[in-house]
Amino acid sequence: MSTRKKVHAFVRVRPSDDFAHDMIRFGSDNKTIDIHLKKDTRRGVVNNQQTDWSFKLDGVLHDASQELVYDTVAKAVVAQALDGYNGTIMCYGQTGAGKTYTMTGTTENYRHRGILPRALQQVFRMIEERPSHAITVRVSYLEIYNESLFDLLSTLPYVGPAATPVAISENPQGVFIKGLSVHLTSQEEDAFSLLFEGETNRIIASHTMNKNSSRSHCIFTIYVEAHSRTLSDEKYITSKINLVDLAGSERLGKSGSEGRVLKEATYINKSLSFLEQAIIALGDQRRDHIPFRQCKLTHALKDSLGGNCNLVLVANVYGEAAQLDETLSSLRFASRMKLVTTEPAVNEKYDAERMVKNLEKELALLKQELAIHDSLANRAHVSYDPMDEVQIAEIHSQVRRYLDGTLEDIDVINLRQIQEVFNQFRVVLTQQEQEVESSLRRKYTLIDKNDFAAISAVQKAGLMDADGHLVGETDGQGFGLGVASYSSKPGKKPKSRRMWKEQFSASATARKEGGSSPMSGKDVEASTSKTQLAPLSKDVDVKDMVLRDRETSNIDTLPPDSPKEDLRPPRPVTPPSKAVAFEDFKNERGSEINRIFKENKSILNERRKRASEATQRVNAIKREMDEAREALSAQKAVRERQGEYEKKGLIIIDEEEFLLILKLKDLKKQYRAEYQDLRDLRAEIQYCEHLVDQCRHRLLTEFEIWYNESFFIPEDMQAALKSGSSIRPGMVPVSRIVSLGEDDQDKFSQLQQDVLPEGPESISFYNAKAKREQKHSYLKSTMGLPRAQRR
Ligand code: ADP
Ligand code: MG
């Protein structure tokens with residue numbers, strides 16, 4: 001975890017014989033430096049110029065040895081670099097203030113060596129102290145002069161900028177200098193010779209290119225990469241130590257600069273002020289944009305300036321009175337830097353190759369572990385490898401069989417298999433949805449229920465009646481009691497079993513959406529008087545049927561040995577869809593009940609029609625009565641106004657009024673009669689609705705039984721189930737019967753012979769019992785235990 005940290009700013013004062021003691025004072029804490037400026041008499045009597053400043057920094061290095069400077073300024077930064085933190089140490093100040101002395105030191109005297117060689121020494125010493133890590137060190141030396149980049153360690157002879165196209169680039173890993181040579185150094189000595197080579201190149205360049213070495217920024221970078229020697233650790237750290245000798249900070253105009261010097265000064269001033277801006281922006285947590293790209297210096301140092309690195313600034317100052325302005329300016333810069341905070345963070349990376357190797361090892365180990373667990377749990381031969389196509393196809397087929405009801409359970413093997421089962425459920429579901437929709441589209445023109453314009457167009461074209469039923473459409477209660485489309489007739493297109501399942505799920509979906517299916521007796525019961533009407537014929541037949549219905553509690557309308565059944569063609573390999581089969585059923589086995597159903601429906605329709613006519617008549621009579629009453633009261637009013645004739649206490653009325661009274665009386669009589677008729681009709685309608693519902697229910701139940709018998713229950717089993725019993729195989733769910741083992745079949749037939757005479761209500765009870773027994777025997781067989789032991 002990283003914590004925010006301030007930029008460290010130190011001041012190093014160059015020793016001088018002419019030190020301005022009256023102007024520069026050092027605090028006893030070794031951190032404070034006070035500047036006192038004598039009044040500038042040239043500015044006249046009125047002079048509000050500030051004359052005293054006090055700067056508090058992280059340390060004032062006065063008369064400090066190179067060693068002390070290194071320990072104070074650089075030691076911690078270098079040490080942290082070995083732990084993965086980037087670090088940057090910069091020397092800032094006017095030319096001649098001792099930046100190069102501080103950074104590089106003198107090459108003649110070992111004791112006077114600067115931060116650079118000492119840092120290299122520390123790095124190699126620390127590497128020796130960490131045998132647990134394989135640490136590599138690389139170095140590079142970059143010079144920035146007038147916004148051009150130079151490689152001071154170029155292996156090519158140093159000939160100038162054109163031959164060394166050095167440029168700053170960025171990639172996701174960070175900023176890097178394209179074309180800058182980075183040298184692997186395995187020991188201190190190599191590093192030193194590179195450093196010296198760089199220094200030499202710097203001097204040569206200043207001569208050959210006629211450039212003042214104090215006018216360029218120099219960045220010596222030490223790259224550290226530390227891998228743990230223990231192979232299990234795939235993490236490794238990288239870091240950079242940038243040691244920056246900045247160009248002289250003296251301001252323009254002091255010496256009347258012009259030409260080349262002016263250009264240099266302009267670049268320097270710009271880059272130093274951009275450096276300051278960038279560092280300040282980095283310290284401002286509200287800033288999300290940092291102007292790194294404004295100059296080469298900040299761009300090259302992008303990932304080493306602020307943010308996640310340790311940043312140290314050394315302000316090199318002269319101690320002489322004549323340089324006080326520049327000293328002040330450098331101290332101001334340092335104290336501004338000191339306020340900036342950074343958040344040092346470890347540059348942690350992952351060795352992908354090592355990581356893969358480690359994961360492979362881990363995986364192998366876990367597989368072994370699993371194998372041990374499996375053998376302890378007697379689960380041999382369970383594979384945990386990814387499934388191949390064959391295995392996936394097998395699971396797909398299991399899922400299909402499970403949905404068909406031909407497979408009772410899908411055994412759980414392992415997590416991968418469970419996931420694949422779910423996956424295949426989704427696959428099957430999606431396939432079915434698509435197939436159902438396309439089969440519907442092939443057969444019907446689908447109209448959006450909310451598309452009123454389309455519906456009214458269809459109604460106008462006579463394809464749909466006023467109640468919204470399509471002509472020849474299924475009546476919403478079952479399959480096609482109207483006119484079935486020719487293509488849906490049986491025998492035209494044998495449908496696969498899968499198709500049947502799709503039809504099933506389609507009707508199940510329809511049921512959810514408020515429609516209903518032939519399988520749902522509940523839905524049939526729920527449907528009431530919304531059926532369409534047709535003329536009446538045989539009342540007696542209907543009543544007879546109802547009577548028979550009530551007398552016979554078991555369903556024996558169609559005796560199993562009926563001649564029609566014998567004529568039935570051999571069973572197809574794949575059953576037809578229910579819709580097709582239902583048409584078939586209505587024409588053959590179910591023709592009688594279908595006929596009755598249709599008759600009932602037409603009786604109901606006729607009764608409704610009559611009821612509506614009667615209602616109209618009653619209303620008409622009522623209107624006439626009202627009119628008569630009104631006329632009568634008008635007559636009465638006229639009579640009263642004109643004065644009444646009275647004879648022996650009786651009021652005499654005229655003929656007109658008398659006729660009206662008679663008419664009213666007659667109308668009342670008619671009204672009563674018609675009203676009575678209407679009431680009878682309504683009762684009859686209610687009764688008919690009940691009959692129609694019952695018929696529909698019977699038709700569907702019979703169909704269901706017939707369908708199961710015809711296409712699902714094995715014929716031999718049917719024979720066994722039929723022998724001498726009132727139970728019909730179609731009454732038991734197909735999945736139950738076909739999944740029974742042979743023993744269970746025997747038991748079942750025994751059972752229905754022995755017990756079912758109690759009545760068909762006991763079916764579900766025995767079904768449950770048989771199911772439990774079957775499960776029991778399944779468990780016995782899977783556990784590999786003898787049956788007797790389990791009883
Ligand atoms: P800069 O790089 O800032 O222009 P230099 O490092 O070149 O300045 O210093 C200029 C001169 O002053 C050099 O000859 C250097 O040896 C000398 N000098 C600077 N600082 C010190 C110091 N702390 N002790 C001794 N000599 C110094
Ligand atoms: Mg210098």
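Which residue in strand 15 does Thr88 stand opposite? Thr88 stands opposite Leu311 in strand 15. The model is predicted, and local features are reported only at pLDDT of at least 70, side-chain atom pairs only at pLDDT 80 or more, while totals for chains, interfaces and linings use all residues. Residues are numbered from 1 along each chain as its sequence is written, chains are lettered from A and ligands numbered from 1 in the order in which they are written, and side-chain values use heavy atoms, with hydrogens and water left out.

Helices (H or I, at least four residues) and strands (E, at least two) are DSSP runs numbered from the N terminus. Strand 7 spans residues 87-93 and pairs in the parallel sense with strand 15 (residues 310-318) over 7 bridges. A parallel pairing over 5 bridges also joins strand 7 to strand 14 (residues 235-245), where two strands count as paired if DSSP finds at least two bridges between them. Of the 7 residues in strand 7, 7 are buried; buried means under 20% relative accessible area, exposed over 50%, and partly exposed in between, with a 1.4 Å probe and protein chains only. Both faces of the strand are covered, with Gly87, Ile89, Cys91 and Gly93 on one side and Thr88, Met90 and Tyr92 on the other.

An oxygen atom of ligand 1 lies 2.6 Å from a polar backbone atom of Gly96. For Gly98, a polar backbone atom is 3.1 Å from an oxygen atom of the ligand. The side chain of Arg14 has an N or O atom 3.3 Å from an oxygen atom of ligand 1.

Gly98 also takes part in a contact within the protein, its backbone oxygen lying 2.7 Å from a polar atom of the Thr102 side chain. Thr102 belongs to helix 3 (residues 99-103) and is counted as buried because its relative accessibility is 1%. Leaving out residues up to four places away in sequence, Thr102 touches Arg12, Gln66, Val69, Cys91, Gly114, Ile115 and Asn316, contact meaning heavy atoms within 4.5 Å.

Leu116 is located in helix 4 (residues 115-129). With a relative accessibility of 0%, Leu116 counts as buried. Residues up to four places away in sequence aside, Leu116 is in contact with Met103, Thr104, Tyr141, Leu195, Phe220 and Leu243. Thr104 is 12 residues from Leu116 along the chain, and their C-alpha atoms are separated by 5.4 Å.

Phe55 lies in strand 5 (residues 52-56) and is buried, at 7% relative accessibility. Apart from neighbours within four places in sequence, the contacts of Phe55 are Lys31, Thr32, Ile33, Asp34, Ile35, Leu328, Leu331, Arg332 and Ser335. Phe55 and Ser335 are 280 residues apart in sequence, with a C-alpha to C-alpha distance of 6.8 Å.

Rings of Phe, Tyr and Trp (its six-membered ring) pair if their centres lie within 6.5 Å; planes under 30 degrees apart count as stacked, over 60 as edge-to-face and the rest as tilted. This rule gives 14 aromatic pairs. The ring centres of Phe582 and Phe703 are 4.8 Å apart and the planes stand at 80°, so this pair is edge-to-face. Phe582 is in helix 18 and Phe703 in helix 20 (residues 655-711), so the pair ties together parts 121 residues apart in sequence. Both residues, Phe582 and Phe703, are buried. Phe703 forms another edge-to-face pair with Phe585, at 5.5 Å centre to centre and 65° between the planes. Phe585 is buried, with a relative accessible area of 0%. Ring pairs link Phe582, Phe585, Phe703, Trp706, Tyr707 and Phe711 into a cluster. Helix 18 (residues 578-587) is mostly covered, with 9 of its 10 residues buried.

Notes. A polar contact is a pair of N or O atoms within 3.5 Å; within protein, one must be able to donate a hydrogen and the other to accept it, and residues adjacent in sequence count only if both atoms are side-chain atoms.
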